[in-house]
Amino acid sequence: MSFTLRSRQVYLPEGPRAATVTVDGERIAEVGPYDAPCDTDLGDLALLPGLVDTHVHVNEPGRTEWEGFATATRAAAAGGVTTIVDMPLNSLPPTTSVAALREKQAAAAGQCFVDVGFWGGAVPGNAGDLPALHEAGVFGFKSFLVDSGVPEFPPLDAAGLGLAFAAVDALFIVHAEDPAALRPAPSSRAYADFLASRPPAAEVSAVGTALSTAATAGARVHILHLSAADALRLLRQAREDGVRVTAETCPHYLTLDGLAVPDGATEFKCCPPIRDPANQDGLWAGLADGTISIVVSDHSPSTPALKRRDTGDFAAAWGGIASLQLGLPVMWTAARERGFTLADVVRWMSTGPADLVGLRTKGRIAAGADADLVAFDPAGSFVVDPSQLYHRHPVTPYASTPLSGVVHTTWLRGAPVGDDARGRFLRRAVH
């Protein structure tokens with residue numbers, strides 16, 4: 001099947017311009033002049049490459065009551081996300097062996113509305129499993145330097161991280177908080193009490209551990225969901241010293257105010273936590289200078305019961321933000337207010353994440369790339385109605401928030417996403 005789309009704002013790798021995009025089958029065949037013949041004129045709608053979200057907790061199998069491949073990927077498509085990479089926890093079993101990967105893929109088969117890749121997990125005692133898991137196609141390995149929240153995915157210390165680095169030449173992605181710098185969180189409805197239990201110093205210390213271990217091993221390391229702007233100086237210095245390091249942050253750290261979280265509003269709880277506006281300004285500066293290269297959701301939902309919405313106790317509540325469907329308008333709303341462009345958002349949320357994991361046919365509108373496309377109205381607006389979200393549980397800190405930017409249509413490999421689960425499994429490219 002071949003068709004053409006025309007827009008005055010086609011977001012190409014070199015920047016936006018008026019153009020006509022020809023799709024042949026599942027790939028982009030050509031990007032031509034705006035006045036070329038076309039089947040569909042998008043008018044003032046922007047044509048974006050599908051977003052790539054490399055930080056999604058789908059939780060299936062084992063905790064499918066929290067989320068699942070059908071609900072998560074439908075939410076992704078509704079938000080303009082055409083590729084996700086699933087985290088190795090909180091599924092049961094976690095993706096720490098080839099057998100566990102196959103079990104997860106069997107559970108996901110036939111349920112995915114977008115293309116799906118997988119991370120492996122590095123935990124104590126499984127260094128010997130990492131080469132085979134890498135060969136099986138995972139994009140790299142996630143590890144925690146702090147309690148993950150689930151007993152089947154324990155953390156690594158610096159020595160364990162070094163063993164993992166030595167086991168395989170792979171991309172290692174690290175949840176960097178230092179347990180020695182954390183404080184006990186009291187039972188409390190006050191967000192300030194929870195925030196005080198996870199100070200910025202915990203992130204700074206753990207980022208330092210990850211960087212020094214990577215430097216010794218010559219490993220490639222990626223810092224996950226950075227929330228503490230104080231750690232940016234370490235990342236800048238490590239790069240100057242030749243460490244192969246990248247970092248991400250998330251929409252909630254860039255847009256939500258940790259000083260304004262209402263008492264008992266446990267939908268705002270995540271680890272590391274949402275911090276104050278001055279810290280948020282620092283994260284935006286890190287994006288502006290490239291120290292932080294991508295923005296991903298860290299979509300980590302649970303059941304409403306686990307969020308302890310009945311008591312509002314932040315210490316007892318599960319820590320995770322559900323935002324997979326809303327990331328693009330959340331980011332566009334905030335970025336525009338700070339003087340950034342839609343091209344910046346595309347770089348942070350589409351091209352950058354695709355490049356992180358080596359998906360060269362994703363995250364860009366170019367001849368030969370997959371025809372993963374989004375018709376997006378940057379001038380449109382809406383108010384978040386949780387009942388309109390496709391996540392399994394419509395619990396979100398963005399409820400009733402007015403946002404700019406509306407997704408009109410999402411194409412996955414040349415076809416509009418509809419009721420057919422056409423998503424494919426992706427694997428790491430072997431060079």
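Predicted model: local features only at pLDDT ≥ 70, side-chain atom pairs only at ≥ 80, totals over all residues.
The largest pocket holds about 530 Å³ of space. Which residues sit closest to its centre? Those are Asp147, Ser148, Gly149, Arg198 and Cys271, out of 30 residues that line the largest pocket. As for secondary structure, β10, residues 141-144, gives at least two residues to the lining, and so does α5, residues 191-197. If you sort the lining of the largest pocket by class, you get 12 nonpolar, 11 polar and seven charged residues.

Now on to helix packing.

Helix α6 covers residues 200-217, and helix α7 covers 232-240. Their axes are 9 Å apart, and the packing angle is about 15 degrees. With an angle under 35 degrees counting as roughly parallel, α6 and α7 are therefore roughly parallel to each other. The crossing of α6 past α7 is right-handed. On the α6 side you have Val204, Val207, Gly208 and Leu211, and they meet Arg233, Leu234, Leu235 and Ala238 of α7. By class, that contact of α6 with α7 comes out as six nonpolar residues, one polar and one charged.

The other partner of α6 on my list is helix α4, residues 158-167. Here the axes of α4 and α6 lie 10 Å apart, at an angle of about 40 degrees. So α4 ends up oblique to α6. This crossing of α4 and α6 is right-handed too. From α4, the contact uses Ala158, Leu161, Gly162 and Phe165, while α6 brings in Thr209, Ala210, Thr213, Ala214 and Ala217. What classes of residue make up the contact of α4 with α6? There are six nonpolar and three polar residues, and no charged ones.

Have a look at the side chains here: Gly327, Leu328, Met331, Trp332 and Ala335 in α10 meet Leu342, Val345, Trp348 and Met349 in α11. The contact of α10 with α11 has eight nonpolar residues, one polar and no charged.

Last topic, the backbone. As a reminder, most peptide bonds are trans, and most residues other than glycine have a negative phi. So where do we find cis bonds in this model? One runs from Leu89 to Asn90, with omega near 25 degrees. Asn90 is in the loop between β7, residues 81-86, and α2, residues 98-108. Another cis peptide bond joins Leu92 and Pro93, and omega there is about 0 degrees. Pro93 is also in the β7 to α2 loop, so that loop is one to click through on screen.

And then there's Asn59. Its phi is near 75 degrees, a positive value in a residue other than glycine. You'll find Asn59 in the loop between β6, residues 51-56, and α1, residues 69-78.

That's my tour; over to you for questions.

Methods
Residues numbered from 1 in each chain as written. Heavy atoms only, no water. Contact = heavy atoms within 4.5 Å. Helix = DSSP H or I, 4+ residues; strand = E, 2+ residues; numbered from the N terminus. Nonpolar A, V, L, I, M, F, W, Y, C, P; charged D, E, K, R; others polar. Axes fitted to C-alpha atoms, helices over the stretch in contact; angles between N-to-C directions. Parallel < 35°, antiparallel > 145°, perpendicular 65-115°, else oblique. Left-handed = near helix turned anticlockwise from the far one by under 90°. 1 Å grid on protein atoms, 1.4 Å probe; cavity = no way out; pocket = protein on both sides within 12 Å on 5 of 7 lines; lining within 4 Å. Points joined across faces, edges and corners; volume = space filled by probe spheres on them.
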